[in-house]
Amino acid sequence: MSSAPFDPAHVRALATILTETGLTEIEIEGKDGRIRVARAHPPSAAAVSAAAVSVAPPVVTAPSAPTVVESQATDGDAARHPGAILSPMVGIAFLSPEPGAPAFITVGQTVSAGQTLLLIEAMKTFNQIRAPKAGTVTRILVASGVPVEYGEPLVILD
C-alpha cells in the first residue's frame, strides 16, 4: 500500500463528524489514499433488529403497571427459595412484550405452567421465560431494561 499524506486536522474533522452524528465508523477513499476513523460504542438495548424477533421488540420505558422489585441484598435468599425462577442466560430483562403494553405478570397474579413471565434479550434475540409450574407470583426481582446474569433469581412463584 502506498504511503498517503497524513493530515491530523482531517482526522480530527472526521472524529468530530462521528461524535456529532452518533456514527461508530467513517471511511473516506480518494485518489491519494484512504482514511478510516472508528470508535468503540457499547451496544444499546434499543438497537435491536426487529427481523430476529418473534414478538415486537420492547424499548426500555417506565412500567405502566406497578411492580415490586426486591433489593439486590435479597438475591442470595431468593435464589434458594423453592419457587425461584432463575435466569437461564445473560441478557436484558423485559417485563412487557412492547413499549406501553401491560406487563406479562404482576405481583399476586396466578400463572399457569408454560405462561410467559418475561423476556430476556440476548444476542438480539428475545427469549421467553416461561413458568415451569402453576402458581402465584409473590415477588418480581428484576426491573424492565435491567441486565441479568445467569442463575440470577427473576421471579418467585408460590
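I began with the sheet in this predicted model, and I find that 4 strands form an open sheet in the order β3-β10-β8-β5, with antiparallel pairing. I note that β3 (84-86) and β5 (110-111) stand at the edges, and because each has a single partner strand, one side of each is left without a neighbour in the sheet.

I then looked up how β5 is held against β8, and I see that the two strands pair in the antiparallel sense over 2 bridges.

Next I went to the loop between β8 (135-140) and β9 (146-148), where I located S144. Is S144 buried or exposed? I record a relative accessible area of 19% for S144, and since buried means under 20%, S144 counts as buried. I also checked what the side chain of S144 reaches, and I find the backbone nitrogen of L95 at 3.3 Å.

My last entry concerns aromatic rings, for which the count comes to 1 aromatic pair. The partners are F94 and F126, which I log as a tilted pair, with 5.7 Å centre to centre and 50° between the planes. I note that this pair links distant parts of the chain, given that F94 lies in strand β4 (residues 91-94) and F126 in strand β7 (residues 125-130), 32 residues apart.

Notes
Residues numbered from 1 in each chain as written. Predicted model: local features only at pLDDT ≥ 70, side-chain atom pairs only at ≥ 80, totals over all residues. Heavy atoms only, no water. Buried < 20%, exposed > 50% of the residue type's maximum accessible area, 1.4 Å probe, protein only. Polar contact = N/O pair within 3.5 Å; in protein donor to acceptor, adjacent residues only side chain to side chain. Pairing = 2+ DSSP bridges. Phe/Tyr/Trp six-rings, centres within 6.5 Å; stacked < 30°, edge-to-face > 60°.
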